[in-house]
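The report below describes a predicted model.

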Amino acid sequence: MTYQRPNFRHPDLPQNKIGFYRKDYEGALSTLCAGCGHDSISGAIIQACYEMAIEPHRLAKLSGIGCSSKTPAYFLGNSHGFNSVHGRMPSVATGAVMANKDLLYLGVSGDGDTASIGMGQFVHAIRRNLNILYIVMNNGCYGLTKRARQCHC
Ligand SMILES: Cc1ncc(C[n+]2csc(CCOP(=O)(O)OP(=O)(O)O)c2C)c(N)n1
Ligand SMILES: [Mg+2]
């Protein structure tokens with residue numbers, strides 16, 4: 001089985017103002033449960049980046065561990081990315097921002113990754129006013145470890 005998204009699209013689909021199609025902002029096919037709300041957020045990120053005409057090579061995705069933190073595989077496949085350790089994405093993001101201030105940084109995390117194991121790092125990312133868009137995908141549980149029972153997917 002392949003997780004590559006088929007490349008064929010209708011030839012008349014519109015381009016944004018820098019000449020990219022919506023498919024240029026997509027990623028691999030999702031392996032999350034059918035109907036998972038995380039996929040809706042991925043879709044919204046794809047649509048927003050397409051509409052805002054963000055150059056894919058100017059954006060870096062950062063995440064921790066969890067179903068939510070897997071989602072950067074499913075959007076912005078032409079952007080940079082680093083899937084880090086559980087709850088430790090803010091420190092990786094801090095280093096990345098220090099190394100290159102010119103990229104746009106998109107952090108993606110779960111409620112567990114952010115507010116349980118990662119709370120220590122999250123509050124300090126806020127205190128430093130880190131220049132990053134940090135999205136918390138809150139499904140109210142540790143989805144990756146317990147999804148069959150808790151997640152309502
Ligand atoms: C250091 C460490 N502790 C525990 C785990 C096990 N673990 C994997 S994902 C996860 C919870 C993720 O929850 P959340 O951030 O809410 O993501 P979701 O899957 O719900 O989107 C846990 C505890 C781990 N991978 N690493
Ligand atoms: Mg969760």
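## The surroundings of ligand 1

Ligand 1 is surrounded by 17 residues, and the closest of them are H38, C67, D111, D113 and G143. Three helices, namely α2, α4 (111–115) and α6 (143–150), each contribute at least two residues to the shell around ligand 1.

Several polar atoms of the protein lie beside oxygen atoms of ligand 1. A polar backbone atom of G143 is 2.7 Å from an oxygen atom of the ligand, while a polar side-chain atom of S68 lies 2.8 Å from an oxygen atom of ligand 1. In the side chain of N139, an N or O atom is 2.9 Å from an oxygen atom of the ligand. Taken on its own, ligand 1 has 590 Å² of accessible area, and the protein covers 75% of it.

## D111, beside the ligand

D111, which is one of the residues closest to ligand 1, has its place in helix α4. With a relative accessible area of 17%, D111 counts as buried, because the cut-off for that class is under 20%. When residues up to four places away in sequence are not counted, D111 touches S116, V136, M137, N138, N139, G140 and C141.

## Helix α1 and its buried side

Helix α1 covers residues 37–51, which makes 15 residues, and its first and last C-alpha atoms are 21 Å apart, close to the 21 Å expected at 1.5 Å a residue. The buried residues of this helix are H38, S42, I45, I46, C49 and Y50. These residues lie on the same side of α1, because they cover an arc of only 130° around the axis. S40 and E51, on the other side of α1, are exposed.

The elements against which the buried residues of α1 pack are β1 (59–63), α2 (67–70), β3 (104–110) and β4 (133–137). H38 is listed among the buried residues of α1 and also among the residues closest to ligand 1. After the helix comes A53, whose phi is positive, near 55°.

## C49 within the helix

C49 lies in helix α1 and is buried, with a relative accessible area of 6%. Leaving aside neighbours within four places in sequence, C49 is in contact with Y25, I54, L59 and L76. C49 and S69 are 20 residues apart in sequence, and their C-alpha atoms are 18 Å apart in space.

## Two loop residues with positive phi

L76, one of the contacts of C49, is found in the loop between α2 and β2 (80–83). Although L76 is not a glycine, its phi is positive, at about 50°. The relative accessibility of L76 is 2%, so this residue counts as buried.

N129 lies in another part of the chain, in the loop between α5 (119–127) and β4. Phi of N129 is also positive, near 55°, and N129 is a residue other than glycine. Is N129 buried or exposed? N129 has a relative accessible area of 66% and is therefore exposed, whereas L76 is buried.

Key. Residues are numbered from 1 along each chain as its sequence is written. Chains are lettered from A and ligands numbered from 1 in the order in which they are written. This is a predicted model: local features need pLDDT of at least 70, side-chain atom pairs count only at pLDDT 80 or more; totals for chains, interfaces and linings use all residues. Side-chain values use heavy atoms; hydrogens and water are left out. Helices (H or I, at least four residues) and strands (E, at least two) are DSSP runs, numbered from the N terminus. The expected span of a helix is 1.5 Å times one less than its number of residues. Buried means under 20% relative accessible area, exposed over 50%, partly exposed in between (1.4 Å probe, protein chains only). The arc is that of the directions from the helix axis to the C-beta atoms. Contact means heavy atoms within 4.5 Å. A residue is near a molecule or strand if one of its heavy atoms lies within 4 Å of it. A polar contact is a pair of N or O atoms within 3.5 Å; within protein, one must be able to donate a hydrogen and the other to accept it, and residues adjacent in sequence count only if both atoms are side-chain atoms. Accessible areas come from the Shrake-Rupley method with a 1.4 Å probe; for residues, only the protein chains shown count as cover.
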